[in-house]
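Good morning, everyone, and thank you for making time for this.

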Amino acid sequence: MPGLLILVPAATILVAQTSPTLTVAPVPTVKVRKGSVAAVTLRAVLPPGFHANSNKPSDEYLIPLTLKWTGGPLTVESVEYPKGSLEKYPFSPKPLSVVTGEFSISTKFKVPANAPNGAAAQNGTLRYQACNDHMCFAPKSVPISVTLEIE
Amino acid sequence: MTSPRSYLRLAGIAAVAVILGVIAYLPRKTDHSSLKDESKRQVAPDFALKDAHGNVVHLADYRGKVVLLDFWATWCGPCGEEIPWLTDFQRKYKDRGFEVLGISMDDDGWKEINPFVALKKINYRIVLGDDKTGDLYGGIEALPTTFVIDRNGRVASHFVGLAARKDFQNAIETLLETRAGPADLSARSDYSRRAD
């Protein structure tokens, strides 16, 4: 049992130095009507202790949170990102605009009037770059796929 | 049968372990290594990487000097915090046989790096690295990651994350006091598997 005292902190140090994974909850099938505007909301979670730059980072060299829809029958009208919160970190003299914990990104799509009926997939990529208080991790991309039911 | 006292004891140990684990997990944690004993140092893996002018830079070219090898990127805030220190060290210790060598891990290459170097007035050499370079050094997952290499080309100290300026400075000054010894190629083991 005393070994646990050593193993737990050792393991968590390794975790703290390991790139965090942003998790995106699966989106239930979205029913859309031809010719209408449909909204899709992604819910994402970053592990505690980590942050990612918001879509409007405080510095031009920081990599923004970006959702790109790359394929599917719908046309993107707008993407609404979470408003970044200004947080102060030991490595930055000024607060940074970041997202932490759980956040949502909403997309409004136009459903073309000539879209084919039935099931379809709308695919995209969510790109983020995460850090903690003392280190940063390479940018990562999460593939996104939303199942649509066009009627 | 386990007594209530044993349960209490187990619960206490588990609670302490969890608390220690949480403390360790706090992202303030940075791996601050002090100088390794000379006998335990491993040869820093050589590489051939290009600088902004297309010149190929080998780490082996720096043998005989103390080198601060800094894995960094323009998008890395903590790396930016260290850059003024590294620039100072380059200025202050260059004449004593010291060099900073920055390995940028920027995917977009020189179009991102060059303006940043100008903006930050970086006075040391930058080369462009990639995951293969990182793998040579045990896999670089977090930035900044910094290796302080002695005059014999061996890793004397290793920092993951934002370090303290004085830790770098102490390591550099101590190593600058030491003369290069005869090359010991037996120490050329696979650092990538044994980096700590």
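Let me start with chain B, which has six helices and 10 strands, where helices (H or I, at least four residues) and strands (E, at least two) are DSSP runs numbered from the N terminus. Please keep in mind that this is a predicted model, in which local features need pLDDT of at least 70 and side-chain atom pairs count only at pLDDT 80 or more, while totals for chains, interfaces and linings use all residues. Residues are numbered from 1 along each chain as its sequence is written, and chains are lettered from A and ligands numbered from 1 in the order in which they are written.

Of the 196 residues in chain B, 37% are buried, a word I use when 20 or more other C-beta atoms, placed from the backbone, lie within 10 Å of a residue's own, with exposed meaning 12 or fewer and partly exposed in between. As for contacts, which join two residues whose C-beta atoms, placed from the backbone, lie within 7 Å, those in chain B with a separation of 6 or more are 78% between residues 24 or more positions apart.

Now, which residues of strand 9 of chain B point one way, and which the other? B:Thr145, B:Phe147 and B:Ile149 are on one side, B:Thr146 and B:Val148 are on the other, and all are buried, so that five of the five residues in this strand, 145-149, are covered in this sense.

Strand 9 of chain B also has partners, and here two strands pair if DSSP finds at least two bridges between them. Strand 5 of chain B, residues 66-72, runs antiparallel to strand 9 and is joined to it by five bridges, with B:Phe71 opposite B:Thr145. Strand 10 of chain B, residues 154-160, is likewise antiparallel to strand 9 over five bridges, and there B:Phe147 stands opposite B:His158. Four residues lie between strands 9 and 10 in this hairpin, where B:Gly153 takes a positive phi near 75 degrees.

Finally, chain A has one helix and 13 strands, and 33% of its 151 residues count as buried.
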